[in-house]
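Welcome! Take a moment to look over the sequence and the 3D view below, and then let us walk through a few parts of it together.

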Amino acid sequence: MHFEGIYTPLVTPYHDDFSVNEEALAQTVEHLVAAGVHGIIVAGSTGEYYAQTEEERIWMMNRCAELIAGRVPMIVGTGAIRTEDSILYAQEAKKAGADALLVATPPYAYPTGREIALHALAIDRAANLPVMLYNYPGRMSVNMDEETLDRLGRSPNFCGIKESSGDINRVHMLARDYPHIALSCGMDDQALEFFAWGARSWVCAGSNFASEAHIALYQACAVEGDFTKGRAIMSAMLPLMGVLEQGGKFVQCIKYGLTLRGIDAGPPRRPLQPLNKDDKRQLAQVIRTMNTAVSAITGETI
C-alpha cells in the first residue's frame with residue numbers, strides 16, 4: 001500500500017452522556033470524504049480509543065467501514081498495552097475490511113527496540129495487512145529505534161511510519177536509511193520539513209475540521225513541488241498548530257473545530273474536559289484568520 005495524501009484520524013462524536021453520537025459520526029465521515037481527504041484512521045488517539053471499551057472499538061471499526069464504504073482507505077489503530085489486545089483489534093479490523101493498520105509502541109510498558117519489533121511482528125502475523133507504524137515517544141516514552149526498524153524489515157507489510165517524535169534528525173535518518181518505509185508526517189508544525197524530505201502523506205487531526213488548508217499544503221509541497229507557496233500556507237497555519245498543541249487540550253480543540261463546521265462532535269470523554277469560553281473564542285478566531293489567509297494564497301474559498 002502507498003500512503004499518499006491527507007489521512008484524518010477520525011474523532012468520535014459523543015452526546016452529553018458520553019454515548020456515541022451516530023448521526024454526527026456519519027456526518028463527519030461524509031464531510032471528510034466530500035472534502036477530499038485521502039484516507040480515514042479509526043481508533044487513533046484523536047478518536048479517544050483509550051477511553052473506549054473493547055466492544056466500542058470493534059463497533060467503531062465496523063460502523064466506520066459501512067460509512068466509508070470503500071470510498072477512501074480505512075486504517076485502524078491497534079493501540080493497547082498488551083500485545084494480545086492489539087492482535088485482537090488487528091484481527092477485528094481485518095474482518096471489518098480495513099485497508100491497513102496503525103501500529104504504535106505499547107504505552108507505559110517501556111519496551112526495548114527488540115520488544116517493540118516482536119510486538120509489531122506478532123500483529124503482522126495475525127492480520128497480514130499493510131501497516132503504518134506510529135512513533136510517538138512523547139506519549140509512549142520510547143522510540144522505534146534502528147533495531148526496531150531493522151527487525152521489521154522481515155515483513156514487507158511495514159510500509160509506512162507516522163513520525164511524531166519532533167526530532168528532525170529522525171526525519172533525516174528515516175528518509176535516508178529506511179526509504180522502503182514511507183515517511184508520513186506526524187508532527188504538524190514540521191509538515192513543510194517532512195515534505196521537503198520526501199514524505200508523501202500527513203496524518204493530521206486538524207483535517208477533521210480544516211481539511212482544505214491541510215490538503216492545500218500537501219498539494220503545494222508534495223504534488224506541485226512549490227515550496228514557496230507551501231511556506232506561505234504553512235505560515236498561515238502555524239498559529240492554529242500553536243493553539244492545538246498548547247495546554248493539553250488537543251482533542252478538545254479538534255472536536256470544537258468540527259462543531260464550528262456544523263457537526264456537533266460533543267465533549268471528550270473523561271478524564272478530559274471540554275474547552276472553556278475563552279479557549280473556544282481563541283480557537284474560532286485563529287481558524288477564521290487561517291482560512292482567510294489560505295484562501296488568499298490558493299484562490300479558493302474556504
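Let us begin with a pair of helices: the axes of helix H9 (residues 211-223) and helix H10 (residues 227-245) come within 8 Å and cross at roughly 155°. Because angles over 145 degrees count as roughly antiparallel, H9 is roughly antiparallel to H10. The crossing in which H9 passes H10 is left-handed. Please keep in mind that what you see is a predicted model.

Which residues make this contact? From H9 come Ala213, His214, Ala216, Leu217, Ala220 and Cys221, while H10 supplies Phe227, Lys229, Gly230, Ile233, Met234 and Met237. Sorted by class, the residues of the contact of H9 with H10 are 9 nonpolar, 2 polar and 1 charged.

Just after H9, you can find glycine 225, which takes a positive phi of about 65°.

On the H10 side, the contact is made by Lys229, Ala232, Ile233, Ala236, Met237, Pro239, Leu240 and Val243. On the H12 side, the residues include Leu283, Val286, Met290 and Ile297. By class, the contact of H10 with H12 has 14 nonpolar, 2 polar and 1 charged residues.

Finally, let us turn to the cysteines. How many disulfides does a search of the whole structure find? The search finds 0. A disulfide needs two cysteine sulfur atoms within 2.5 Å. For cysteine 185, the closest cysteine sulfur is in cysteine 204, 7.7 Å away, so the distance is too far for a bond. Cysteine 185 is buried, with a relative accessible area of 0%. The sulfur of cysteine 253 also has its closest cysteine sulfur in cysteine 204, but at 16 Å, too far for a bond. Cysteine 253 counts as buried too, at 4% relative accessibility.

Methods: Residues are numbered from 1 along each chain as its sequence is written. This is a predicted model: local features need pLDDT of at least 70, side-chain atom pairs count only at pLDDT 80 or more; totals for chains, interfaces and linings use all residues. Side-chain values use heavy atoms; hydrogens and water are left out. Axes are lines fitted to C-alpha atoms, for helices over the stretch in contact, and angles run from 0 to 180 degrees between N-to-C directions. Helices (H or I, at least four residues) and strands (E, at least two) are DSSP runs, numbered from the N terminus. Angles under 35 degrees count as roughly parallel, over 145 as roughly antiparallel, 65 to 115 as roughly perpendicular and the rest as oblique. A crossing is left-handed if the near helix is turned anticlockwise from the far one by less than a right angle, and right-handed if clockwise. Contact means heavy atoms within 4.5 Å. Ala, Val, Leu, Ile, Met, Phe, Trp, Tyr, Cys and Pro count as nonpolar, Asp, Glu, Lys and Arg as charged, and the others, Gly among them, as polar. Buried means under 20% relative accessible area, exposed over 50%, partly exposed in between (1.4 Å probe, protein chains only).
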